Amino acid sequence: MKISDVLPPFRHKLWSIAKQGGVTHAVSRLPLGADGRVSWEFMDLLNLKESFRDFGLQLEVIEPGLDGQMHDMKLGTGDRDKDIERCRQLIRHMGALDIPVFCYNFMAGFNWVRTSTTTPARGGALVTSYDHSLMRRAPLTDAGIVTGERLWDNLKYFLEAIVPVAEECRVKIALHPDDPPVKSIRGIARIITGMEAMDKAINLVPSDYSGITLCQGTLAAAGADIPTVIRHFGSQKKLFFVHFRDVRGTAERFSETFHDDGQTNMPEAVRAYKEVGFDGPVRIDHTPTLAGEDNLDPGYAEMGRLFALGYLKGLLESVDY
Ligand SMILES: [Mn+2]
């Protein structure tokens with residue numbers, strides 16, 4: 001396994017903390033251009049990769065943040081072909097720079113959604129949570145009602161355009177499930193809501209370069225048994241990237257947890273990763289905000305990362321991984 005963390009696309013204290021905690025590989029959002037805005041340009045990506053390398057971290061995954069969500073492409077509105085062309089170009093750049101994994105999702109309209117970012121967890125640490133009942137009277141968005149059928153069509157259209165480029169450039173594209181994995185949010189369907197849906201999605205345009213990001217917390221909320229999911233996708237060599245985290249609850253009502261305090265059997269999960277020979281990147285994800293930390297970026301404060309990292313390293317060592 002390549003122990004990774006998602007880091008800001010510029011030199012930051014978190015780079016040092018990650019490295020000090022034993023992280024060897026970086027997961028990054030899109031780079032920033034000279035104007036400080038998100039960039040899809042080759043030179044900015046090259047500079048980002050070299051900046052990580054100079055720091056002793058290997059850039060392994062591009063996981064676009066909120067600015068790279070391509071909502072037009074997902075909804076099939078506006079200039080969706082422009083979104084797709086930008087994405088194809090990014091994959092070509094990644095191939096040219098030997099950045100092996102592109103993490104994408106098909107959450108339309110929103111990225112991940114929570115109803116609270118200040119839920120108390122162990123010892124008063126703050127975590128995020130979701131309660132679908134609070135969304136009952138939430139208004140529709142400007143997109144109106146968006147059906148699952150339409151999103152499946154759009155996903156297929158996207159993959160038909162992207163997969164050949166991924167193959168040609170030898171970049172693995174790794175689909176992240178919808179978080180939370182509920183049927184719809186504010187009228188917009190969610191389609192990647194469990195193991196079966198992930199199977200269906202990556203088989204729309206089958207390829208050795210099309211697989212999944214196993215977001216443990218999302219699939220655990222969906223009711224999946226994580227070791228089973230690992231074995232299912234791992235044995236088909238479709239497991240490209242892992243988000244290491246946990247929750248307690250169901251898709252409609254859950255809280256995130258410390259990594260050792262959720263509903264997943266984490267030691268068994270680690271045994272399963274070893275069993276299927278997973279050697280890709282795993283990143284710690286959505287950590288609690290601890291005492292004395294601000295909660296400006298819920299799920300991404302500093303100390304919780306170190307706790308999760310130490311716990312993961314301990315689990316890996318216990319199975320000689
Ligand atoms: Mn995730």
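Predicted model: local features only at pLDDT ≥ 70, side-chain atom pairs only at ≥ 80, totals over all residues.

Colleague: What makes His-176, Cys-215 and His-243 donors of the manganese ion?

Modeller: The manganese ion is coordinated by NE2 of His-176, SG of Cys-215 and ND1 of His-243, at 2.2 to 2.4 Å. A donor is an N, O or S atom within 2.8 Å of the metal, so these atoms qualify. In sequence the spacing of the donor residues reads H-x38-C-x27-H. His-176 in strand E7 (residues 172-176) and Cys-215 in strand E10 (residues 210-215) are 39 residues apart, and the pair links distant parts of the chain.

Colleague: Why is His-176 called buried?

Modeller: Its relative accessibility is 8%. Buried means under 20%, so His-176 counts as buried. Cys-215 is buried as well, with a relative accessible area of 0%.

Colleague: Which word applies to Lys-74, buried or exposed?

Modeller: Lys-74 has a relative accessible area of 1% and is therefore buried. Lys-74 belongs to helix H3 (residues 71-75). Leaving aside neighbours within four places in sequence, the residues in contact with Lys-74 include Asn-105, Phe-106, Leu-151 and Asn-154.

Colleague: What is to be said of phi in Arg-186 and Lys-237?

Modeller: Phi is near 50 degrees in Arg-186 and near 60 degrees in Lys-237. Each value is positive in a residue other than glycine. Most residues other than glycine have a negative phi.

Colleague: Which peptide bond is cis?

Modeller: The bond joining Asp-179 and Pro-180 is cis, with omega about -5 degrees. Pro-180 is placed in the loop between E7 and strand E8 (184-185).

Colleague: What makes E10 and E11 a pair of strands?

Modeller: DSSP must find at least two bridges between paired strands; E10 and E11 have four, so they pair, in the parallel sense. Ile-212 stands opposite Leu-239 in E11. Three bridges join E11 to strand E14 (residues 281-284), again parallel, and Phe-244 has Ile-284 as its bridge partner in E14.

Colleague: Why is strand E11 described as mostly covered?

Modeller: Six of the six residues in E11 (residues 239-244) are buried.

Colleague: In what order do the strands close into a barrel?

Modeller: Eight strands close in the order E1-E2-E3-E4-E7-E10-E11-E14, with parallel pairing. Neighbouring strands of this sheet are turned by 30 degrees against each other on average, direction ignored.

Colleague: Why are H4 and H5 called roughly parallel?

Modeller: The axes of helix H4 (residues 80-96) and helix H5 (residues 148-169) cross at roughly 20 degrees and come within 9 Å. Angles under 35 degrees count as roughly parallel, so the term applies to H4 and H5. Their crossing is right-handed. The contact is made by residues including Ile-84, Cys-87 and Ile-91 of H4 and Phe-158, Ala-161 and Val-165 of H5.

Key: Residues numbered from 1 in each chain as written. Heavy atoms only, no water. Donors = N, O, S within 2.8 Å, 3.2 Å for Na, K, Ca; no water. Buried < 20%, exposed > 50% of the residue type's maximum accessible area, 1.4 Å probe, protein only. Contact = heavy atoms within 4.5 Å. Axes fitted to C-alpha atoms, helices over the stretch in contact; angles between N-to-C directions. Parallel < 35°, antiparallel > 145°, perpendicular 65-115°, else oblique. Left-handed = near helix turned anticlockwise from the far one by under 90°.
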